[in-house]
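Dear colleague,

Please find the structure below, followed by a short account of what was found in it.

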Amino acid sequence: MLNVLWLQSGGCGGCSMSLLCADTPDFAGMLRRAGVNLLWHPSLSLESGAELLQVLDDCLAGRTALDVLCIEGALLRGPHGSGRFHVLAGTGLPMIDWVRRLAGVARHVAAVGSCAAWGGISATGPNPTDACGLQYDDDRPGGLLGTGWRDRSGTGHNGGLPVINIAGCPTHPGWVIDTLMALDAGLLGADDLDPFARPRCYADQLVHHGCTRNEYYEFKASAEKPSDLGCMMEHLGCKGTQAHADCNTRLWNGEGSCTRGGYACISCTEPGFQDPGHPYHATPKLAGIPIGLPTDMPKAWFVALASLSKSATPKRVKLNAVADHRVVAPQVKKTRLK
């Protein structure tokens, strides 16, 4: 069994709430079947006060093996580096001190959610609490533990793995469970993490993959208002072609995603998503061309293909793109398929 200790720092608890939406009628049983022994979780465990402190002490003393330390929420370093904005109740010690100490004895450390990974929403704007991620400060390496920190697993290129960033706001429950299962089976090494140390099991895909609006994207038939069926990239701020996640192939609650619900992807798995510099529902443009283009497509190619696609857009797609329901169904004709 994989002993997992879950602590919550500066955040909303949304990743824990999402975890409870895992596709199972027996959440505790699912953890057991996945080989996960939850030593403590702030919302799911009965222990509190002195009982929790005993759990933490046993981990620090080595009486209980700490296989994975999961941190949810940003690390609050303020004021003035003291960490006193967030003190663990009953201890008088800042949470950042507990995290540093526990990270030193854990076999692996995982940042659950974009707040724990990069600082996220908790670090937005002027960031008065000096919030940061475990090993990143936005997209800059460092964070609370520092660039060179490695865990005690000995499975990475530099002797151990960096913090495993299960980024998302919130995280999909499958991303968390799959990562923990991979760690339990010894199947997650340095090569299984992307350049931002996100598990490749979900970060090697784009939200664009599997999007139900892809036909509109292909013809550059764009939605003009939130209720429209068309592609939301051109006018409504969708970053699905840039965001690393499998949201449209690994559906939320078994059936949905942001884009399927009519909301533009805000790229919540990426550093800096919390401060895009423009309203989330708007697409910044230069000379009428979206600034945020697909990650691996040259601008000139995109412009050329977009012009060609728009000129070839079927009337059915044009009409449906700016409607809130299907106005014209695909044409039926005999094709004598061969």
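A residue is called buried when its relative accessible area is under 20%, exposed when it is over 50%, and partly exposed in between, with a 1.4 Å probe and protein chains only. This is a predicted model, in which local features need pLDDT of at least 70 and side-chain atom pairs count only at pLDDT 80 or more, while totals for chains, interfaces and linings use all residues. Residues are numbered from 1 along each chain as its sequence is written, and side-chain values use heavy atoms, leaving out hydrogens and water.

The protein chain has 10 helices and 11 strands, which are DSSP runs numbered from the N terminus (helices: H or I, at least four residues; strands: E, at least two). Its C-alpha trace spans about 70 × 45 × 35 Å along the principal axes. Of the 338 residues, 51% count as buried.

Beyond its neighbours within four places in sequence, His-108 is in contact (heavy atoms within 4.5 Å) with residues including Asp-67, Asp-151, Leu-161 and Leu-183. Across the protein chain, 69% of the contacts between residues at least 6 apart in sequence join residues at least 24 apart.

Leu-305 is partly exposed, with a relative accessible area of 45%.

Yours sincerely
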